[in-house]
Amino acid sequence: MQDMKGQTAIVTGGGRGIGRAICLALAARGAAVAIADIRGEDAEATARAIQEPGGRAMFKVTDITDLASVKAMVDRTREILGPVDILVNNAGWDRMTPFAKTTPEFWDTIIAINFKGVLHMVHATMGDMIEKNRGKIVNISSDAARVGSMGEAVYAGAKAAVIGFSKSLARELARNNINVNVVCPGPTETPLVEEMKKDGAFAEKVLSGMDRIIPLRRMGRPDDIASAVAFLASPEADFITGQILSVSGGLTMC
Ligand SMILES: NC(=O)c1ccc[n+]([C@@H]2O[C@H](COP(=O)([O-])OP(=O)(O)OC[C@H]3O[C@@H](n4cnc5c(N)ncnc54)[C@H](O)[C@@H]3O)[C@@H](O)[C@H]2O)c1
């Protein structure tokens with residue numbers, strides 16, 4: 001299916017994990033993909049994986065917490081691939097720690113990456129979509145935001161902010177024919193989860209037991225999330241906006 005041919009997509013955090021799978025899924029549908037990631041080597045590897053079979057891709061080392069870095073990335077994307085049609089805010093970060101043990105510095109980092117990064121990216125790209133009177137924004141939140149998660153209070157709060165922001169934005173931008181939706185992964189096998197497990201016994205215990213708790217009997221894989229994102233970014237989802245989709249093997253059902 002090449003229904004994104006001629007469209008430019010930016011994916012944050014596309015260097016690895018879920019973001020890399022999203023980049024490949026959008027490229028498979030014909031989109032030209034710009035990868036914004038703080039990890040240059042990983043971002044370059046994703047761009048190469050798209051270019052080698054003939055796709056269009058670029059990467060730019062970007063820190064989404066820094067508005068100047070975001071603006072430079074978006075400008076470069078316009079120069080190389082053209083104005084932005086699709087934005088996927090995927091980059092995120094977390095560590096599992098009981099709230100009592102967290103520090104204000106940790107709160108600031110979590111909020112900056114998981115919430116303010118989304119604001120920066122949307123603010124820098126929405127003008128392109130408004131001008132074209134069409135666009136798709138897909139924000140990656142988390143099931144933690146929908147149902148809560150022990151050891152992830154600040155992260156869940158920041159990800160819930162993404163949901164409130166996305167619903168409000170969906171209402172504001174509907175007149176511009178821009179769809180804004182949210183995908184909430186459940187526990188998914190990625191480098192982030194491996195790092196969290198290594199970080200402490202609590203995270204290791206919670207995350208290692210997931211195969212038994214999830215109704216579909218396995219953790220998510222990056223491709224599971226990517227196919228939901230690709231659908232919401234595609235013309236098939238033209239009449240869907242302001243929605244929150246859990247991709248969690250049935251772990252949460254509300
Ligand atoms: N893996 C899970 O179980 C899970 C569950 C729910 C939600 N999520 C969310 O899914 C998204 C992807 O997570 P993942 O598990 O693939 O993580 P990951 O750590 O494997 O990949 C995240 C990518 O984001 C990039 N990134 C981090 N901070 C950045 C910054 N400041 N600027 C630019 N890029 C930055 C990283 O370099 C990395 O390439 C995140 O938003 C995460 O919160 C993941």
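The model is predicted, and the protein in it has ten helices and seven strands. Its radius of gyration is 17 Å, close to the 18 Å that the globule rule gives for 254 residues, so the protein is as compact as a globular protein of that length. The seven strands form an open sheet with parallel pairing, and a ligand is surrounded by 31 residues.

**Overall build**

- Along the principal axes of the protein, the C-alpha trace spans about 45 × 40 × 35 Å.
- Of the 254 residues in the protein, 48% are buried.
- Among contacts with a separation of 6 or more, 74% are made by residues 24 or more positions apart.

**The sheet and its edges**

- Read across the open sheet, the strand order is β3-β2-β1-β4-β5-β6-β7, and the pairing is parallel.
- The edges are taken by β3 (57–61) and β7 (244–247), each of which has a single partner strand, so one side of each is left without a neighbour in the sheet.
- On average, and with direction ignored, neighbouring strands of this sheet are turned by 15° against each other.

**Strand β6 and its partners**

- Strand β6 (residues 178–185) runs parallel to β7 and is joined to it by four bridges, with Pro185 standing opposite Val247 in β7.
- Six bridges join β5 to β6, and these two strands also run parallel; here Asn139 stands opposite Val182 in β6.
- Eight of the eight residues of β6 are buried, so the strand is largely enclosed by the rest of the structure.
- This burial applies to both faces of β6, with Ile178, Val180, Val182 and Cys184 buried on one side and Asn179, Asn181, Val183 and Pro185 buried on the other.

- Helix α10 (residues 222–232) is mostly covered, since eight of its eleven residues are buried, namely Pro222, Asp224, Ile225, Ala226, Ala228, Val229, Ala230 and Leu232.
- The cover over the buried residues of α10 includes α1, β4 (86–89), β5, β6 and β7.

**The ligand shell**

- Of the 31 residues that surround the ligand, the closest are Gly13, Gly17, Gly92, Thr190 and Leu192.
- The elements that give two or more residues to this shell are α1 (17–28), α4 (104–132) and α7 (191–199).
- Sorted by class, the shell around the ligand holds twelve nonpolar, 13 polar and six charged residues.

Notes
Residues numbered from 1 in each chain as written. Predicted model: local features only at pLDDT ≥ 70, side-chain atom pairs only at ≥ 80, totals over all residues. Rg over C-alpha atoms; globule rule 2.2 N^0.38 Å. Buried ≥ 20, exposed ≤ 12 C-beta atoms within 10 Å, placed from the backbone. Contact = placed C-beta atoms within 7 Å. Near = placed C-beta within 6 Å. Nonpolar A, V, L, I, M, F, W, Y, C, P; charged D, E, K, R; others polar. Pairing = 2+ DSSP bridges. Axes fitted to C-alpha atoms, helices over the stretch in contact; angles between N-to-C directions.
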